[in-house]
Amino acid sequence: MNDILSKGYEFAGVEEKWLQRWTEEKCFQATMVEGRPSFSIVIPPPNVTGVLHVGHALNNTMQDVLVRYHRMCGDNTVWVPGTDHAGIATQNVVERQLAAEGLSRHDIGREEFIKKVWAWRAEKGGTIIRQLKRLGASCDWDRERFTMDEGLSTAVREVFVRLYHEGLIYKGDYIVNWCPRCQTALADDEVEHEEKKGKLYHLRYPFADGSGHVVVATTRPETMLGDTAVAVHPDDERYAHLAGVGIKLPLSDRIIPIVFDHHVQKDFGTGALKVTPAHDRDDYEIGRRHDLKILKVMDSSGHMNENAGIYAGLDRFACRKKIVEDLEAQGILDRIEEHDHAVGQCYRCQTVVEATTSLQWFVSVKPLAAKAVDAVRDGRINIYPKTWYNTFYNWMDNIRDWCISRQIWWGHRVPAWTCQECGEMIVASVDPTSCSKCGSTELLQETDVLDTWFSSALWPFSTLGWPEQTKELAMFYPTSVLITSFDILFFWVARMMMMGLHFKDEVPFRDVYLHALVRDKHGKKMSKSTGNVIDPLEVIDKYGTDALRFTLTAFAAQGREIKLDEERIEGYRFFINKIWNAARFAQMHVGEGEESVKAWAGNAADLSLVHQWILSRTAAATAEVRAALDGYRFNDAASALYQFVWHEFCDWYLEWIKPDLFSKDLIVRDQARGVLLLVLETILKLIHPITPFVTEEIWSVLPGERKTLMVSAYPEVNESWLNSEAEGQVEMLMGIITGIRNIRAEADVHPSVKIEAFVLCSTPGQITFLQSFAATIADMTRLSSLVVSGEGEKPADAATYLYKDMEIYVPLKGLVDVEKETAKLAKERQKVEAKLAQINAKLVSEKFLTNAPADVVMKEREKKEELDATLVKISEAEQRLQDLG
């Protein structure tokens, strides 16, 4: 005897039960059967320091929906999980722990510090994996990887060494982004730019011969101490006479040259540009073209160094203030303007970054990028939504060499050694014991580690066993799809393309789905300071995992911003409960051992109209959901299921078949039981990838011996069930019933009161059909009588409802007190109009629109829309009462 479903869906116990059972039964394990299609995904590895946020919940729900779908379709399926070592972020966590003990990493040394990081990872690093499991993520957890595990470390070294010997990795001085807080170089895409209010300082730089001056402008006057030239455009006639004339650099005793360079914009400012090669990327390039001195005036911590003269030791921002004061005192400061500009900040700690020259390791990416662009252009890689194609091409066409070295300790150490005897550089996959040139054993390894994104770029093939030629690599590479947030398209996605094509001569994935960021219901970014963060774990505790998963799936429209509202999650919890209650109803009527009743559904043509209709709608919903999932239209899949389950199956079909389920005619009863069970099973299979817990629990108590739902076959479209005639006929019945119900509800006629109804048809076929279902219509709308005809006049005092080319009349005389209802509506109108007047006054007030926060203004506009809609409804109700009067 199977268990009976409880009255209410208690999700906490159900979720815990099935997580344990799925794990014990190895339901998530990869299948590798020859001859089957393969479907593979590698998880975007969350940082080992991370905890589950709503973005993770969205991303992993979408992945899990696809994985569960393809697993049920019978594909060889693998979802490889793992975490990223997150170099800077993880090192910062452990450094803060040391700081609490009054220590720094330098106090304990590199080896001991690395041990402490590994110990932290062992203790705390599994948090997000446990949280992903709670979300229902059906990864093959036995295959969990870590970007610094032994296999991936081997892959990283192999890639570095090959690229180095191919001339695609080099070491050299270059201008880099530097974070003074993290004490490391940053790649261009690790710098986040934020618009900030600043100042533009206009400075008078005097000619060395005392004959005049030129005005230059800068947002960073502290860098002037590192100026080694002033640049003007060679075609700028204003400065043609200055060839060979020097500039006396203010606040110093240095004379710097004027150089002529096409980079300078003649029409910007005065057309003269101060050149600081050590602290500005564009200036660096000008300096290289003109062989200018590179003079660094800041140290790695953002303090002025010995080259800054009397300003040495000052913090860069304190130096700025002091220099402005001194320039003003000496008459050098021409003017100061307010100036909004984009300021680069470290993506980890939000410290303002500095451009500075440094000896770093780089990947020469243009040859690699070209292959990736070709793969996208010729369709080997598809990007969803398509709006991202141009952004991808623009970025790749302007890509610069990738700085891959980081001045931290936690990460993959650069596999390069310098011989202390002869200076030979040795780059090798295995630690060398002696110099390949002179034989010395005095070798010193590079202290830098590789950018975290370097190891992540290898993720699709390294996690499948590369550089070994494994069975997994042969079966699951290229992977099927990558689902990730759009904001790491260039951090990670583009680099995986480059590495996969270079080392496997094949794309790393066929499709890339870029989802939007999750924002609050007003479209604002979620942040703790704003207090608008939706914590997925709290939501799961409150509403259940399935409600959250369905909400996220329903909101995941391609290219559309996701505005998440907890009220919507609560609303979809009601949908989960609706499925549960429908299943309880079915279980009461389709008892143990009744699996055989499904045989009645074998030939749809032999069934009554309502059964033919629901089977046709089931086939149509199946086709719609499959097409949506195949096209990554997650929201369309959720919408189709919601509409079918709630509005067609629950609201209509279950109500229609209640008399049949109690019929004394065994054939009628068993038909209803059979089709009910068949459709319920199909629904559970269709929706399982989105709501795995509630569906698995219901499936387990249905009649017969059953394997777990998640490994059952996903429904195919049964073409023999499709029946447009049955759908059209039932749609007509629904339209007539809805019309009568709407009249009853709008007139506020009590449900216990029976009423009359008249339906005026336009064709004989409509008359014949509706007369044959008159008893059903009367029963479902509580009619005392129903008259169906092809001609006639509107009854007196009747409310009207139009359905297509048919007219529905319900006489209301004696059922509605017109005078009383009119007075009620007038009072309601007065209240609504008063509220509307207040809101309109606000929305035409410049003061309110200027000073009120954007979300407050938006709320007022939403209230106005709601009140306007209410007034329309009141007017319609007043008109109906007038018609009755």
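What we have is a predicted model, in which local features need pLDDT of at least 70, side-chain atom pairs count only at pLDDT 80 or more, and totals for chains, interfaces and linings use all residues. Residues are numbered from 1 along each chain as its sequence is written, and side-chain values use heavy atoms, with hydrogens and water left out.

Let's begin with the sheet. It is open, with 3 strands in the order E8-E7-E13 and antiparallel pairing; strands (E, at least two residues) and helices (H or I, at least four) are DSSP runs numbered from the N terminus, and two strands pair if DSSP finds at least two bridges between them. The edges are E8 (213-218) and E13 (333-346), each pairing on one side only. Strand E7 (residues 191-206) is joined to E13 by 13 bridges, and Leu-200 has Glu-337 in E13 as its bridge partner.

Now, which strands does helix H9 touch? Helix H9 (residues 316-329) packs on the sheet and touches E7 and E13, where contact means heavy atoms within 4.5 Å.

Within H9 sits Lys-322. Leaving aside neighbours within four places in sequence, Lys-322 contacts Tyr-311 and Leu-314. The C-alpha atoms of Lys-322 and Tyr-311 are 8.4 Å apart, at a sequence separation of 11 residues.

Last stop: helix H26, residues 818-843. Its 26 residues should span 38 Å at 1.5 Å a residue, and the end C-alpha atoms are 37 Å apart, which agrees; the expected span is 1.5 Å times one less than the number of residues. Thanks, everyone!

Note on methods: Axes fitted to C-alpha atoms, helices over the stretch in contact; angles between N-to-C directions.
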